[in-house]
Amino acid sequence: ILFVLTNVLVVAVLGIVASLLGVNRYLTSSGLNLGALLGFALVMGFGGAIISLLISKPMAKWTSGVRVIDQPQNADEAWIVDTVRKLADKAGIGMPEVGIFEGDPNAFATGAFRNDAMVAVSTGLLDSMTEEEVTAVLAHEVAHVANGDMVTLTLIQGVVNTFVIFISRVVGYFVDRVVLKNEEGHGMGFFITTIVAQIVFGILASVIVM
């Protein structure tokens, strides 16, 4: 429901702002379908964010080299799994997968669903912290899962993506038609400008959100 409502509001805001600034009339007179552009930005922006969320667990395992503890191999692994189980029960969520990865002190939680998430800690964290400190870190990550923070971040990323895709294509169209005087379809100016603008706006948006 939250995704649907946000989608509607984002598209409505973009459409209203475009109309108030006269961008709607200009784009339409120049041959660019604003409705189709909004729809494209919506599908690509939120669609990409949702897909990223759905594949977040396997991607995290692959990129971080996480080894999921299916069967604890020693007392430390058994303690970690048992601690996460107790924290998950207390938070009222399903038991997350528990993993370990090589690296400096770090930990993260990921997954699209509260009852099908993953909590992973690094070997550096386990080696440098006491059990009480590790428990606090695990509680922090379990809280992320229980609060649905991954979904919230995906929602924010979807909004950012939609704005970035929409604005970058408007800029690309302007450069292609007004600056480069291209009158037939989308020229190289459109594609190159769109790619560059999307990278620049994406970086700026990420900095602002952070």
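**View A. Phe-108 counts as buried, at 18% relative accessibility.** The model shown is predicted. The value for Phe-108 falls under the 20% limit for a buried residue. Phe-101 is also buried, at 7% relative accessibility. Two aromatic pairs are found when the whole structure is searched. In the pair formed by Phe-101 and Phe-108, the ring centres lie 5.5 Å apart and the planes meet at 40°, so this pair is tilted.

**View B. Phe-190 and Phe-191 form an edge-to-face pair.** Their ring centres are 5.3 Å apart, with an angle of 80° between the planes. Phe-190 is buried, with a relative accessible area of 8%, whereas Phe-191 counts as partly exposed at 42% relative accessibility.

**View C. Helix H5 covers residues 75-91.** From first to last C-alpha, its 17 residues reach 24 Å, close to the 24 Å expected at 1.5 Å a residue. The buried residues of H5 are Glu-77, Ile-80, Val-81, Thr-83, Val-84, Leu-87 and Ala-88. Viewed along the helix axis, these residues fall within an arc of 160°, so they line one face of H5. An α-helix has 3.6 residues a turn, so residues three or four places apart point the same way. Ala-75, Lys-86, Asp-89 and Lys-90 are exposed on the other side of H5.

**View E. Asn-74 caps the N-terminal end of H5.** A side-chain oxygen of Asn-74 is 3.1 Å from the backbone nitrogen of Asp-76. Just after H5, Gly-92 has a positive phi of about 75°.

Methods: Residues numbered from 1 in each chain as written. Predicted model: local features only at pLDDT ≥ 70, side-chain atom pairs only at ≥ 80, totals over all residues. Heavy atoms only, no water. Phe/Tyr/Trp six-rings, centres within 6.5 Å; stacked < 30°, edge-to-face > 60°. Buried < 20%, exposed > 50% of the residue type's maximum accessible area, 1.4 Å probe, protein only. Helix = DSSP H or I, 4+ residues; strand = E, 2+ residues; numbered from the N terminus. Expected span 1.5 Å × (residues − 1). Arc of directions from axis to C-beta. Polar contact = N/O pair within 3.5 Å; in protein donor to acceptor, adjacent residues only side chain to side chain.
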